[in-house]
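Open the structure in your viewer and keep the selection tool ready. This tour goes from stop to stop.

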Amino acid sequence: MPIEPHRIRTAAQHLFEALDRGDPFEPLPVECAPRDPEEAYAIQSQLQSLRAPRLGPVAGWKIAGAAHAWPATLPPEAPILAGIHASRILHGPATLRAADYLHLGLHCEIVLELGVDVPARAAPADGAQAARFVRAAMPAFEVLDDRGLRLPPPPALIRDVIAAN
């Protein structure tokens, strides 16, 4: 299905404004809701561009291997990706204001710091090939705001969740 730039811009602007107001999570309006994962990621990319002046550029990526929970929506091998803006990466102790979050949560994570850029490839790298790019592995906390969304989200909403991350 061809991506329609107007749909992408409309959806990203809708999400940008909802995030700016601190609104609870709501599905996107049907006229701009992503119809497939490709559209969801296009909306996510446009949203990242809208948020970059305030939050900084995307400086890292969260990769969730939870696609097995939504077999009707994504292929089981597909990770779920989301960019992390530079201002959202905190090193060392940090103080956060609870009032800045609608529904604050913490996840324990393993962070991989890459030592070099990973070249584009026609086929995915296996574990041994990918390990050559890793400079360090470390524990971390992901500070998240699920905006009141029931987790895991129902399959019908996963594309909206991808777009909003």
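What follows is a list of things to select, with a note on what is there.

**Before you start**

This is a predicted model: local features need pLDDT of at least 70, side-chain atom pairs count only at pLDDT 80 or more, and totals for chains, interfaces and linings use all residues. Residues are numbered from 1 along each chain as its sequence is written, and side-chain values use heavy atoms, with hydrogens and water left out. Helices (H or I, at least four residues) and strands (E, at least two) are DSSP runs, numbered from the N terminus.

**Stop 1**

Select residues 5-21, which are helix 1, and residues 37-55, which are helix 2. Their axes come within 8 Å and cross at roughly 50°. Axes here are lines fitted to C-alpha atoms, for helices over the stretch in contact, and angles run from 0 to 180 degrees between N-to-C directions. The angle makes helix 1 oblique to helix 2. (Under 35 degrees counts as roughly parallel, over 145 as roughly antiparallel, 65 to 115 as roughly perpendicular, and the rest as oblique.)

The crossing of the two helices is right-handed.

Now show the side chains where the helices touch. On helix 1, pick Arg7, Ile8, Arg9, Ala11, Ala12, Gln13, Leu15, Phe16, Leu19 and Asp20. On helix 2, pick Glu39, Ala42, Ile43, Gln46, Leu47, Leu50, Arg51 and Arg54. Contact means heavy atoms within 4.5 Å. Colour by class: the contact has 10 nonpolar, two polar and six charged residues. (Ala, Val, Leu, Ile, Met, Phe, Trp, Tyr, Cys and Pro count as nonpolar, Asp, Glu, Lys and Arg as charged, and the others, Gly among them, as polar.)

**Stop 2: Arg54 and Asp20**

Arg54 forms a salt bridge with Asp20, and their closest N and O atoms are 2.6 Å apart. (A salt bridge is a side-chain nitrogen of Lys or Arg within 4 Å of a carboxyl oxygen of Asp or Glu.) Arg54 is in helix 2 and Asp20 in helix 1, so the bridge ties together parts 34 residues apart in sequence. Arg54 counts as exposed at 57% relative accessibility, while Asp20 is partly exposed at 46%. (Buried means under 20% relative accessible area, exposed over 50%, partly exposed in between, with a 1.4 Å probe and protein chains only.)

How many salt bridges does a search of the whole structure find? The count is nine.

**Stop 3**

Select Glu39, in helix 2. Is Glu39 buried or exposed? It counts as buried, at 1% relative accessibility. Glu39 is linked with Glu4, Arg7 and Arg35 in a network of salt bridges. Leaving aside neighbours within four places in sequence, Glu39 is in contact with Pro2, Ile3, Glu4, Arg7, Ile8, Ala33 and Pro34.

**Stop 4: Gln44**

Move along helix 2 to Gln44. Gln44 is buried, with a relative accessible area of 2%. Which residues does Gln44 touch, not counting those up to four places away in sequence? They are Trp61, Leu81, Ala82, Gly83, Ile162, Ala163 and Asn165.

**Stop 5**

Select Lys62 and Glu109. Their side chains meet in a salt bridge at 3.0 Å, N to O. Lys62 is in strand 1 (residues 58-64) and Glu109 in strand 3 (residues 104-114), 47 residues apart. Lys62 is partly exposed at 24%, and Glu109 is partly exposed at 25%.

Next, take Glu113, also in strand 3. Arg135 forms a salt bridge with Glu113, with closest N and O atoms 3.6 Å apart. Arg135 lies in strand 4 (residues 134-145), so the pair ties together parts 22 residues apart in sequence. Arg135 is exposed at 54%, whereas Glu113 is partly exposed at 32%.

**Stop 6: Arg147**

Finish in the loop between strand 4 and helix 4 (158-164), where Arg147 lies. Arg147 is buried at 10% relative accessibility. What is the phi of Arg147? It is positive, about 55°, although Arg147 is not a glycine. Most residues other than glycine have a negative phi.

Notes. Left-handed = near helix turned anticlockwise from the far one by under 90°.
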